[in-house]
Amino acid sequence: MKPLGLLGGMSWESTAVYYRLLNEGARARLGGLHSAPLLLHSFDFAAIARLQAAGATVELAELMTAAARGLERAGAAGVMICANTMHSLAPQIEAAIGIPLIHVVDVTARAIEAAGCRRPALLATRYTMEQGFYRQRLAQGGLLSPAIPDALGRLAISDIIFEELCCGIIRPQSRATCLHEVERMRPQAIDSVILGCTELTLLLSQGDFALPVFDTTQLHVAAGLDFAFSG
């Protein structure tokens, strides 16, 4: 198994899920006492969140590219950003390193297309829902037309992510809020749901929805394992 480099801590709550799932996947494939060779750069998320709120793209890119280079120097064969929103900086990171970056949007788009869905509802942080980088990359194959909640819905879901899930708080009321927002999107002809924030896997699952659900954390981990075991 090739070593994977993880850009994590954004938040550590979901990075812990990545760590567990990657190790469970390695053990499932190799058996016995095997675990995954992982290199982790874990950021202080408070500093990252402040820069996100300020729109400080240059500073964020400098931090992320420096960390990715450090993982490469330490021996990582590929890099995973353990946060959907920070994939807004994927082009800068890819340009700064000589190893592959396993992109969460690409693996998610392939899964949605393979399932025959075309109009996914994207639930995520406001940055991910409102900025073009995520929806445009989903749609670049010409098959997908992602939808997002209205302004109030985007704010409600983003607040749940930052104020609760990133702090380890899981509230049934917040699950109900997310389900309500998806129901309000029905007039947009949605046919599936993307859990487009790595923390949302802590709150929501396929069992909560009648529509097909695409959990980006699970899909990203599966792609990371496939890469690590390739060749």
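Modeller: Strands of a sheet pair through backbone hydrogen bonds, either parallel or antiparallel. Here β4 and β5 run parallel and are joined by four bridges; strands are DSSP runs (E, at least two residues), as helices are (H or I, at least four), numbered from the N terminus, and two strands pair if DSSP finds at least two bridges between them. A121 has V193 in β5 as its bridge partner. This is a predicted model, in which local features need pLDDT of at least 70 and side-chain atom pairs count only at pLDDT 80 or more, while totals for chains, interfaces and linings use all residues. Residues are numbered from 1 along each chain as its sequence is written, and side-chain values use heavy atoms, with hydrogens and water left out.

Colleague: How many bridges pair β5 with β6?

Modeller: Three bridges pair β5 (residues 192–195) with β6, in the parallel sense. V193 has V213 in β6 as its bridge partner.

Colleague: What is the order of the strands in the open sheet?

Modeller: The order of this three-stranded sheet is β4-β5-β6, with parallel pairing. β4 (120–123) and β6 (213–215) each have a single partner strand, so one side of each lacks a neighbour in the sheet. From one strand to the next, the twist averages 20°.

Colleague: Are the residues on the two faces of β5 buried or exposed?

Modeller: Burial is judged by relative accessible area: under 20% is buried, over 50% exposed, and in between partly exposed (1.4 Å probe, protein chains only). In β5, S192 and I194 on one side are buried, as are V193 and L195 on the other.

Colleague: At what angle do α5 and α10 cross?

Modeller: Axes are lines fitted to C-alpha atoms, for helices over the stretch in contact, and angles run from 0 to 180 degrees between N-to-C directions. The axes of α5 (residues 104–114) and α10 cross at roughly 100° and come within 9 Å. α5 is therefore roughly perpendicular to α10; angles of 65 to 115 degrees count so, under 35 as roughly parallel, over 145 as roughly antiparallel and the rest as oblique.

Colleague: Which residues of α5 meet α10?

Modeller: V104, V107, T108 and A111 in α5 meet T216, L219, H220 and A223 in α10, where contact means heavy atoms within 4.5 Å.

Colleague: How far apart are the axes of α1 and α10?

Modeller: The axes of α1 (residues 12–30) and α10 (residues 216–229) lie 10 Å apart, and the helices pack at an angle of about 45°. α1 and α10 are therefore oblique to each other.
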